[in-house]
Every structure is written in C-alpha cells, then in structure tokens.
Amino acid sequence: MVQVIWIVAAVLVTFTVGYVGYSRYLSRFVDLDDSRETPAHKYEDGQEYVPAKKPVLLGHHFSSIAGGAPIVGPITAGAIWGWVPALAWVAIGNPLMGAVHDFISLSGSMRHEGKSIGYIIGEYVGERGKDMLLWFAFLTIILVVAVFALVVGIVLNAYPQAATASLVYILLALVFGVYLYQFDAPFIPGTIAFVAAVFAGVWVGIQYPIALFPAVEGVSYPAGTVVLLEFLGDGAWLPGAVASADAVLQPNVAAWVPVILIYAALASGLPVWILLQPRDYLSSFLLYAGVGGALLAIVVGTIFGTSAEPLVVADSIQPFTGFLGVDAVSPYPLFPLLFVTIACGTISGFHSLVSSGTTAKQLNKESDARLIGYGGMLGEGLLAATALSTLAVAGIASDAAGGGIGGALPNFAAGGATILTSFNIPVAYGGPFMALVLVSFLLTSTDTAARLGRYMMEEIVGTEGSGTETGFAGGLDSFARGRYTNPLVQIVLAYALVVSGEWATLWALFGGANQLLAALALLTGTVWLANWEGSKQLVSTGVPMAIMVVITVLALLWLAFYENLFNALVQGGATGLGGQISSVVQMVLALVLVYLALSLVRIGYRNISEVRRTGGAAPEPGDD
C-alpha cells in the first residue's frame, strides 16, 4: 500500500526549491525595490487603495485565489487518470508556471498604478487588445461567481454546521474591521482575540446548525438543525429546485445560492477595510489550520497512526488508469484535458485578476510581492495536494467516478475528517471543520470576483468617479461601473446560469476559459517585460504562455467538436431542444475563445517582434 505522505513530500520538495531559488531570481528579475512608492500609498483613498500589513494582505490574497476549483480539479483528475499524473502536474507545474503567473501579474500591476492585466496589455498593443481581454475577463468573472455560489450552497446543504460558523466569522470580521481601522486598536492582541472567536464559531456551528429549507427525502440534517424558512414549505417551488436526493440543486441549495450572491454583491461594494481585509485575514487562519493542519496530520498519522484508519491510498484509487481515463468517462484523453481539469491547483487565470485587481491596490512594499504573489500560489498548490490526499484516503464511491462537484465535495470533507483523526479529532467534528474551510475559500473568492468584475467594467467604460458612485443616480456609464449596480448585473446573470439547469455542462467551459485567461495573463507579462527592456529574457513567462495556449486551444477544440458537435448533436447525446441549444452555445463560445486567444497572441507577438527588431518600445498598432 502506498502511503499518502508521499503526495505531501513530493509537493513540499518542489515548492521549497521553487520559492527559495526561483522566486528569489524572479524578484531580482523584475527589480523589486522597497524605496519605490506602491500604488496603495500613492493613491490611498480609504476605499480601494488601502496599504495592508503583509500578513493581512497575504490572508486576503490566499483566501481570494483559493476557491473550490483547486479542490474539485485535482480530485476529479485523480479519479479519472489516477493520482500520479495529477500529482506530477501540481508538483512541477505550480512553481514553474502558476506561481510565475501570479507573481508577474502582481508585479506588472504594481508598476502600472494597480491597474488590471487588460489595462497593461492595452498600454502596449492598443485599445483593441485591451477591450478584448477585459470583456473576456468580465464574462469569465460571471462564470466564476455562478459556479462558486453554487458550490457554497452545496456545502452548506451537506454541512449546515458550516452555515452557522460562516455567519459568525463574517460578523466577527465586521467588528474586527472597526477595531483596527476606526479605533486603531493594537494589532496582535486583536488578532489573538478575534482568531480565537472565529474558532469558537466553529464550535457554535456544530452545536447550532442552520438550514433554510427542510432536507429532501433521503437526505438528513444533523440533530438540532434549525430550519429557518420551514414555514414557507419544502422549497420545491424555488427556481431550478429539484426535490430529489440525487439532484445537486436541491431546495435548500437553491435557496442558499441567491443569499450568497446577494452577500457577494453587497460585500464587493463596501470599502475594503470594512469587510474584505479583516474577513480575509481572519478566515486565513481557518485556511492555514485546515490546509496546514491536514498536511501535518498526514505526517503525524503516518508516523504514529490514527484513531480511524491508516493513511494509505485506497484500493479504488489507481496510480494511472490509462491515457483515456476510467471507463466511466472514456474517452477522455489525458492530453490536453488533464491540465484543464486540474486548472487552479497548478495555474489559474482568475489569480491574475485578483493579483492585478484588489491585491496590487493594497501592497505595502514591493518586496511583499514575492511572498504574496509567488508564495500565495504555492499555498494553493498545497491545497490541491491536500485535496488529492483526501481523495486518496476516502477512495471512490461505488456509484460515482469520484469527480466533479458531486464527488469532490464529499470526498474532501470525509477524507479530511479521517486525516484529522491523527490528532484524535472525532470525525463528527473534523468533517464540519473541513467543510467550513472550503466555504471560507469560496465566500472570499465569490465576493472578490464580483469586485474584480466591477474593476473590469470600470476600465472598459472609464474610471471617472469609480469607487465613489453607487451607480443608481448617474447615466449608463455610471450604472455599468457603480459599486452596487455592476455587481447586481453580475449576480443576476450568474443566478440565471445556475437555475437554468445547464450549469453542470458549463463546468468544462469554465475551466477552459479560466486556463485561457492564464495564458493571456502570461502573454501580458511577456509583452510588458519586452517593452520594459529589449534585452530581457522572455523564457520565464513566454514558455509557460506558449504551453498554456496550446493546451487550452486543443482542449476547447475537443470540447467544441467532440463533446458538443459529435457526441451531443450528431450522436444525439443532447436530449431535448434545451440540451441541443446548450450544446450549440457551448460550441460557439469555445470557438470564440479560441479565436480570441489566437488573435491576442498574434497581436502580442507582433509587438514583441517589433521591440526586438527596433530595440525600443513598439508603436501602438492600429485596430485593423
């Protein structure tokens, strides 16, 4: 039997080498200098540009980038192709590609007034490239908000204890923000007190779980669960709700989704000091405890044993199942689909929006970018390794391949609970705690995504009045970039996507779009470096960019022509008119994304070639 500790050891070795060696080289490469004034100080406004202490900003950044995808992706990939290919891509790709992507995105934004990657590429390739990238990023944000809100609803339905605990820590974060920024109270004593209160909230959640609607037949809540909206019936009347134990969008899930979306819209419009900074800082301790605690528990459990079962890879998890994966989903070729499936655990385009969106506007010193940008992505890789470890311990259920949202979330909580028995933590407590860890990741990512969507639209329609106007009193431009109106548009579209019943088939498209955005962010970094200094080497960003373009384009072409055109339409896999329309839309969107990627690569390559030829910055091209 293979011990799970080898999964942990592999990533720790490669990540340590990457941070100690490669990140130091990259820091010198982009000339991090603490004598320069960062945008957070230069444009400090108390709203968006707010300097943050390094541990606070690391907490925000890590909480924002570490959503549900680095959990769902590695577990799904491990179930389809085996744990060895999934581990190899996380251990090697993360320090060489993903961490580079995040660091360069953060550094580039820091040198461009905290603006987004769309603004940066527009500086060098023109308005056409800028608008293409910004619109693409905005549409990707809507997919992110929809998927994350859905996953939060699923987790809160499976673990009502996490719902109570989440409410407690959000309220604590609001108080902590006032404590720090209004009363200017001591930081370390406040941290100790409020972090202790957050962990006490976990206990409160276990004692007093809450749900919005009763559980469907075949599903049970923990004893003592308070059903808040039981007086409104069983909830089957909610849009998209299906009163079945086999359904993902059960009534309680369908009720939580709009609650989470409304929360995200409100939170994204508040000044960062009120909720975003303090909440992400406090929740980061939950995340560190969940990820770090699980990794340490694997070491302890391997050496001293656990109170439940040995920490070994389950018989149902194979090292390698073959190029086409397991029979349940075959043919599903490892190349290029493994990389798109794992997605955020190794590299994620969403991170470029966080790095060049909220994080760059709060960076206190340039040198902080190394730990927050490069180190933060390594932290997400550790989360992916933790997720893969939970799959290895929990195994694959007999009635599912173990992948996707339906298989990933139970495996993460169940496997994590077993791992925590190394510390003699009962499974009844470990499961809800790991569920709360997952919800903490997702909540921060959801409202941060909505805030980033507003930033994207600000740069499309103009930034005059941005960050100060609500959006209700002005014209169309004001409405588009308003603090509350722009997130409102996002959540309405995201909600329509979730309740349409087609969200599951769009998961692959979300993964492809996210990975394509990563390729475009690396392209932006490469163009910036080339225009900064004509003799700079472009291998560190150019090679990962080329690899991601090839992988993403091939994956999207597979999705368009094989999955949708051949399987769904020619072979009749899409049932009903709605399914056929959905397949056509997905095929068209995939091809549009491919066209967008290749067009931007062509524009960027033309700019870099001109810089190399003339030895200076290339002139802005026309829009032809």
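1. Is L554 buried, partly exposed or exposed? This is a predicted model, and in it L554 has a relative accessibility of 37%. L554 therefore counts as partly exposed, because that class lies between under 20% for buried and over 50% for exposed.

2. The setting of L554 deserves a look. L554 sits in helix α20, which runs over residues 539–570. On the surface, L554 belongs to a nonpolar patch with F320, F323, L324, F335 and V550.

3. Next, the overall fold. The protein has 21 helices and two strands. Its radius of gyration is 23 Å, close to the 25 Å that the globule rule gives for 624 residues, so the protein is as compact as a globular protein of that length. The C-alpha trace spans about 70 × 65 × 55 Å along its principal axes.

4. On burial and surface: of the 624 residues, 61% are buried. The accessible surface of the protein is about 22,200 Å². Carbon and sulfur atoms account for 67% of that surface.

5. On contacts: take those between residues at least 6 apart in sequence. Of these, 81% join residues at least 24 apart.

6. Just after α11 comes G305, with a positive phi of about 90 degrees.

Technical notes:
Residues numbered from 1 in each chain as written. Predicted model: local features only at pLDDT ≥ 70, side-chain atom pairs only at ≥ 80, totals over all residues. Heavy atoms only, no water. Helix = DSSP H or I, 4+ residues; strand = E, 2+ residues; numbered from the N terminus. Patch = residues over 30% accessible without salt bridge, like charges linked within 9 Å, V, L, I, M, F, W, Y side chains within 5 Å. Areas by Shrake-Rupley, 256 points an atom, 1.4 Å probe, with all protein chains shown as cover. Salt bridge = Lys/Arg side-chain N within 4 Å of Asp/Glu carboxyl O. Buried < 20%, exposed > 50% of the residue type's maximum accessible area, 1.4 Å probe, protein only. Rg over C-alpha atoms; globule rule 2.2 N^0.38 Å. Contact = heavy atoms within 4.5 Å.
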